[in-house]
Amino acid sequence: MRDEVLRIGLLGVFSISTGDSVIADDAWRLRKAKTLIKLLALAPERRLHVDQAAELLWAGRDPASARNNLHQAIFAARRALDSIGLDGSRYLELREELILLSPEDPVRIDAVVFEELAAAAREHGEPGAYRSALEGFDAELLPADRYEDWSGERRDSLDQLRLALKAELTELERDSVPHRAGISRRELPSQLTSFVGRERELAEAATLLRDARLLTLTGAGGCGKTRLALQLAAQRGEDFADGVWPVELAALGEPELVGPAIAQALDTRLASDRPPEIALAGHVGARRLLLLLDNCEHLVEPVARIAEALLSHCPNLTVLATSREPLRIPGEVTWRVPSLSLPRLIHGAPADEWLEAESVRLFAARAAQAAPGFEVGGENADVVVSLCHRLDGMPLAIELAAARVSVLTPAQIVERLDDSLDLLSTGPRTAMTRQQTLRATLAWSFELLEVDEQVLLRRLAVFAGGFGLEAAEDVGAEDPLRRSEVVAVLGRLIDKSLVHVEEGSEDRRYRLLETVRQYAVERLEEAGERSTFERRHRDWYVALAESDPTPAGELPDRTTLRGLDQERDNLRAALASALVADPQAALRLAIALWRFWLMRGYLAEGYRWLTAALAAAPESTAVRARALLAACVIGLRRGVPVRVHEFAAESVSILRELEDWAGMFDAVEISAAYRVIVSPAQDIELLVREHEGLLAEDVPGARPPMWAAHTRGIAAWFRREYGPAREQLEAALGHAGALSAESRPALWPLSYGMISVEPETGYPLCLHEETGLIARRVGGAAAVAYILVNLAAVDRAEAGFAHAEELIEESLARFEQLGDRQGEAFGLNAFGNLARSGGDFERGRVLLERSLALRQEIGDRRGAGITLGCLAMLLARSGDADGARTSAAQSRTWFAENDDLIGIGAAELSLACVALCAGDRADARAHLEAAASVFGGIETTHQEGWALAVLAAICAEDGEAATGRRWLDRASRHFELLGAGAGIAYCRELEGKTLQSGC
């Protein structure tokens, strides 16, 4: 699929394009397919009910015949979209009796753009907006369809709108000179304009926010941009039906993190194969919301790019940004946040007049907090007025000054200000000087600190985002600052407003304002300590990640996951500095975090850090071998196994050379898991034979033969060779029993993963019921429990439900005895699916819901998504089609948010099964095509082969022999590559019995 916006031209000659590609006329196999796209483009929300579309296209035709023709038109239109590199099934979706055009991706329809520009022009009443609306949109709507009934009303409406705009523009241009003065309201005020108070500023900013879709509050650091933006958003929040969404960008250091940060704030995740602006635009869609982008100045270019794309494709989105400089994109309104209002410099003026100025009121309030009982008046009044003027009414500077009232009088503060901030009293204040003014204010504040306060403040600058007391003590304590002194010094820094306490944390956490942190970094550099304390920060977070109490090979619990989530910004900072200064530390940190990334679904980010660390540290070490193994697991889970074989082979080679036989065997097991999924039987057998006879002191004797039988059994299961699968799994079970008392690792379990649902749907389709690679290393006792579930799947495939139930019950009992909650969730999921196959839907639902709850509780996002797909199939079998579609769609959403390509393919298979159960063959075909497309982008898989084969069968039954032949040829080649005998036999049977007469 392309990443460009889908462009549809309805004014003049009809066209569809994306990027530089345009659909050629001969790509439209059916004229009605082209007409269907036109109808959808003109329809509200680009959607039509199938009956409505059929009636419009084939008025008076028999409904059944019209529907059949409609399905042919849909597939013809999808093929036309495919011709320019789009995924036709994605851009033309059939969902719950609705046909949707580009439901998930941005689309630009020139007629709609014209109507939107016209509405905006009338709202703003500016000649320029009218000219923009009229320019380039003067052609007639679909002249080739001039005599079609469905086009007449919209064509007349657009013609009338165009004529009305021209008349209104003429009237505006006649009166444009007198109204020029009105433009001054949007000009930037000078930096020292004296606003009476923030109430007036809020009112003016609110007016701008109502009229502009992008309002950027600009000004120097410390002028109050963030506070004003938050207050403005709070006051205007009711204007946005879908809420206000703040995005804090200050802690981000890399441009590529902007998209994920916005996605996280919007409670979504990005797929790695699409630009973030495209994915975010699809998520926001037509929702009416306010996106607050705070602290954009260090990431102006990526923020500007994403903001422009979102505003272009999300018609109801408004963006409020804070930045030291404008984003400089079309449509932006910039408004400089002024300083607080200042009092008149008149000696002896009434105190009431001074207190009307917000700068004085702020100083009085903050000083009273620092020194209870402090008041402005009497002898200190003139001094406070002078101080506020000298600080140009800057909120941060005033707060810092007020914080010193506990130890200095206002006169002493002004005296020190005179010594160090002479820039404040010279010449005009330009934008650059404003930056210098803040720096000078911070310098003054820094010089007022005691030596130990200065030392700790500059050292705290190495933290990204928030940090805890223990981290501050361990990182910041070094001569001349002792660890025992840190808490007291930190408290003084909080009192002086240089360190802020984060609200909402269970444990007290702290952070530096970004402007303070940037200044502190400079002082750290000047002190020659930056590399030292970046190393201490890095070492601390490496140690934190490596202190995870989760046993080797297991997956972290929910408490550990939450703790690492809280430190995510600091972990990123540690990884970034390690890649430059200490690549071996980067490898160690990535190894410590890979299970966190896996469980939390941060697959793209984890894979990126792992591959970057591997590239930075090419030395053949045991640490590299472990990182290679982690990259294999993350790569397999993401569905990007391009380098898995390479990584696994290198890991095996390194560990063999180091004579770490246990570690080498771990790498062999992961490599075998990859082979089971994508390789033919002979390749799997070669790998197994090479290693099944391994004898080594650090590898339990029964482990290699158990692994060999287990691998052969799962490989046979995937090929649907149930007799060999049973034989090998029973052999593996015997070996595992010999390892039950073994404390050393015994197995990286594989699961049966998927099962044929032919008895339930009438087609031998694969349904993903479990993750193929469990991604945890277990002992012999847990290995027995996993193998029992796999054996139960074989019984179930052969309708041996009673024995399968006994095996799963034994497995669950073993998992419960071990206190293995992840294993228990695995067993409950298998039990619920078994109940579904046996027709006990109520029992199956209870079991699956227990599994889902347990997986959500332990933070297993992949497992939860899989179980949702299983619930969808159960609901479909029990007759709850709507509930089934909802559950399957939720599963697909979860996988998309987690950047889990295999999971997305699994969800499409679930949706296809749901559609087949509901008798919706067209929807089933659409989801099968989507599944085949997803799996086709991974590598040769059994899932893709069966999806292709079932597509061939459905097409043949629908009388589309030629299309069925194409699917069948692809399926046959697929199964031949995999050496999958059952698949090959099915294709031959299908060819002989179903397609022969039509091909």
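Which side chains meet in a salt bridge at 2.6 Å, N to O? In this predicted model, the side chains are those of E798 and R726, and the close-up views below show this pair together with other charged contacts.

**View 1. Salt bridge between E798 and R726.** The side chains of E798 and R726 meet at 2.6 Å, N to O. Because E798 lies in the loop between α35 (780-797) and α36 (801-818) while R726 belongs to helix α33 (residues 722-737), the pair ties together parts that are 72 residues apart in sequence. E798 has a relative accessibility of 44% and counts as partly exposed.

**View 2. A network of salt bridges.** Salt bridges that share partners join E93, R95, E104, R892 and E908 into one network.

**View 3. Salt bridge between E277 and R305.** Here the side chains of E277 and R305 meet at 3.6 Å, N to O. E277 is found in helix α11 (residues 276-284) and R305 in helix α12 (residues 300-313), so that the contact ties together parts lying 28 residues apart in sequence. With a relative accessibility of 15%, E277 counts as buried, whereas R305, at 43%, counts as partly exposed.

**View 4. Salt bridge between R719 and E721.** The side chains of R719 and E721 form a salt bridge at 3.2 Å, N to O. R719 is buried, its relative accessible area being 13%, while E721, with a relative accessible area of 24%, is partly exposed. The structure as a whole holds 66 salt bridges.

Key
Residues are numbered from 1 along each chain as its sequence is written. This is a predicted model: local features need pLDDT of at least 70, side-chain atom pairs count only at pLDDT 80 or more; totals for chains, interfaces and linings use all residues. Side-chain values use heavy atoms; hydrogens and water are left out. A salt bridge is a side-chain nitrogen of Lys or Arg within 4 Å of a carboxyl oxygen of Asp or Glu. Helices (H or I, at least four residues) and strands (E, at least two) are DSSP runs, numbered from the N terminus. Buried means under 20% relative accessible area, exposed over 50%, partly exposed in between (1.4 Å probe, protein chains only).
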